[in-house]
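Thanks for coming. I will go through one structure today, from the overall figures down to single residues. Please have a look at it first.

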Amino acid sequence: MNNTRLQYHATGGQLFILLLKNMFLTVVTLGIYSFWARTNVQKFMAENLEWAGERFSFHGTGKERFIGFLKALGIFIVLYLGIYIIQTILAYIPIPYFAMIVGYVLTLGVFLALVPIIVVGGRRYLTSRTGYRNLRFGFDGKILEVAKIYGKGILLTIITLGIYYPWFFAEKEAYVQSKTRYGNTNFGFSAEGKEIFFLYLKGVLLSIVTLGIYYSWFLADVQNYIWNRTSFQGKKFRSDITGGKIFINFIIAYLIILFTLGIGFAWAVVRLTKLFIESVSLEAEVDFSTISAKADTTANATAEGLEALAEALEGFLS
């Protein structure tokens with residue numbers, strides 16, 4: 001196999017045992033172990049991922065994720081109490097539904113304000129805990145810069161009924177990738193909103209016409225497009241996955257799960273993960289002599305806690 005191609009060494013049996021352990025301990029601890037469970041899976045993924053003869057590593061802990069969640073819960077409680085107090089005061093104003101409307105607007109504003117915090121904080125945490133060849137990854141994005149991109153992107157996407165999304169996607173991906181680094185060296189990403197628009201338009205239309213069959217080819221086009229426009233040290237990544245391979249492996253994965261009554265889920269996941277990961281390569285070897293360490297000692301799991309709490313609240317309210 002090409003030395004610059006990613007390799008994935010996990011087996012279904014290993015993942016099955018890990019998922020079984022995670023499920024059992026999460027149930028026994030009434031959900032508390034879920035923070036450790038998520039970390040276990042990410043460590044498993046990283047330690048089975050190899051590039052150029054070296055394995056990746058993940059150094060996050062369930063404890064810091066749990067503490068981050070508790071901090072996030074404290075932030076949510078303070079914000080909720082603040083909105084509740086404001087609504088209580090406004091209730092004395094004799095205007096029908098005024099307090100309720102203000103409360104909804106404030107709640108929406110808080111959730112939108114948390115988006116860039118979650119994006120920046122979450123990526124800083126994950127990258128700072130991911131390592132390769134004794135160096136860590138990192139993210140130098142700024143909350144205000146992300147807020148401007150997301151504010152503009154979300155607004156124009158809503159106004160244009162979704163048409164602007166490809167341009168929003170191209171802008172945010174270019175920013176996120178350019179601020180993501182390995183050691184002191186940043187990644188690069190260059191894409192055109194117009195290209196993404198026609199890629200999605202073609203994918204959605206043909207998926208509808210073919211009753212979903214073309215979706216596998218759509219996924220292949222999206223993965224290849226994104227990776228083929230990502231670079232490191234000026235060297236471009238390449239993805240050569242095909243829709244036919246995805247389609248066949250989706251069917252095989254489905255049959256594995258079906259005929260094993262769900263027990264084969266781990267084997268199906270490993271099979272599909274291996275397919276997508278091992279389609280990616282770099283056009284030339286990295287010059288590691290020019291890369292030095294750049295630690296991020298301020299990254300923590302609070303933003304991840306905010307995201308987890310928001311997802312929990314969304315699931316509870318839906």
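The model is predicted, with local features needing pLDDT of at least 70 and side-chain atom pairs counting only at pLDDT 80 or more, while totals for chains, interfaces and linings use all residues. Residues are numbered from 1 along each chain as its sequence is written, and side-chain values use heavy atoms, with hydrogens and water left out.

Now the overall picture. The protein has eleven helices and ten strands. These are DSSP runs numbered from the N terminus, helices being H or I with at least four residues and strands being E with at least two. Along its principal axes, the C-alpha trace spans about 75 × 50 × 45 Å.

Of the 318 residues, 39% are buried. Buried means under 20% relative accessible area, exposed means over 50%, and partly exposed is in between, with a 1.4 Å probe and protein chains only. A contact means heavy atoms within 4.5 Å. Among contacts with a separation of 6 or more, 69% are between residues 24 or more positions apart.

Next, the surface. The accessible surface comes to about 18,000 Å², and carbon and sulfur atoms hold 70% of it. Those areas come from the Shrake-Rupley method with a 1.4 Å probe, and for residues only the protein chains shown count as cover.

On charge, there are 29 positive and 21 negative side chains, and the centres of the two sets lie 2 Å apart. Lys and Arg count as positive, Asp and Glu as negative, and His and the chain ends are not counted. Each charge is placed at NZ of Lys, CZ of Arg, CG of Asp or CD of Glu.

One nonpolar surface patch covers about 800 Å² and is made by Leu-70, Leu-73, Ile-77, Tyr-80, Leu-81, Tyr-84, Ile-85 and Ile-89. Patches use residues with over 30% relative accessible area and no salt bridge; like charges are joined within 9 Å, and nonpolar side chains (Val, Leu, Ile, Met, Phe, Trp, Tyr) within 5 Å. Take Ile-85 from that list: it lies in helix α3, residues 62-90, and is partly exposed at a relative accessible area of 49%.

Now the loops. Which residues other than glycine have a positive phi? Tyr-97 is one of them, with phi near 65°. Tyr-97 sits in the loop between α3 and α4, the latter being 98-128, and is exposed at 59% relative accessible area. Asn-134 is another non-glycine residue with a positive phi, of about 65°. Asn-134 lies in the loop between β4 (130-132) and β5 (135-139), and it is exposed, with a relative accessible area of 83%.

Two pairs show how sequence and space can relate. Val-105, in helix α4, is exposed at 54%. From Val-105 to Ile-291 there are 186 residues in sequence and 47 Å in space, C-alpha to C-alpha. Leu-135, in strand β5, is buried at 15% relative accessibility. Leu-135 and Lys-294 are 159 residues apart in sequence, with their C-alpha atoms 8.2 Å apart. Apart from neighbours within four places in sequence, Leu-135 contacts Thr-130, Tyr-182, Ile-291, Ser-292 and Ala-293.

Last, salt bridges. The rule asks for a side-chain nitrogen of Lys or Arg within 4 Å of a carboxyl oxygen of Asp or Glu. How many salt bridges does this rule give? The count is nine.

One of them joins Arg-129 and Glu-64, with the closest N and O atoms 3.1 Å apart. This pair links distant parts of the chain, with Arg-129 in the loop between α4 and β4 and Glu-64 in helix α3, 65 residues apart. Arg-129 is buried, at 13% relative accessibility.

Asp-140 and Arg-181 form another, at 2.9 Å from N to O. Asp-140 is in the loop between β5 and α5 (143-159) and Arg-181 is in strand β6 (residues 180-182), so the pair ties together parts 41 residues apart in sequence. Asp-140 is partly exposed at 24%, whereas Arg-181 is buried at 2%.

Lys-152 and Glu-171 also meet in a salt bridge, at 3.6 Å, N to O. Lys-152 is in helix α5 and Glu-171 in helix α6 (residues 165-179), 19 residues apart. Lys-152 is partly exposed at 41%, and Glu-171 is partly exposed at 29%. Finally, salt bridges with shared partners join Asp-140, Arg-181 and Lys-294 into one network.
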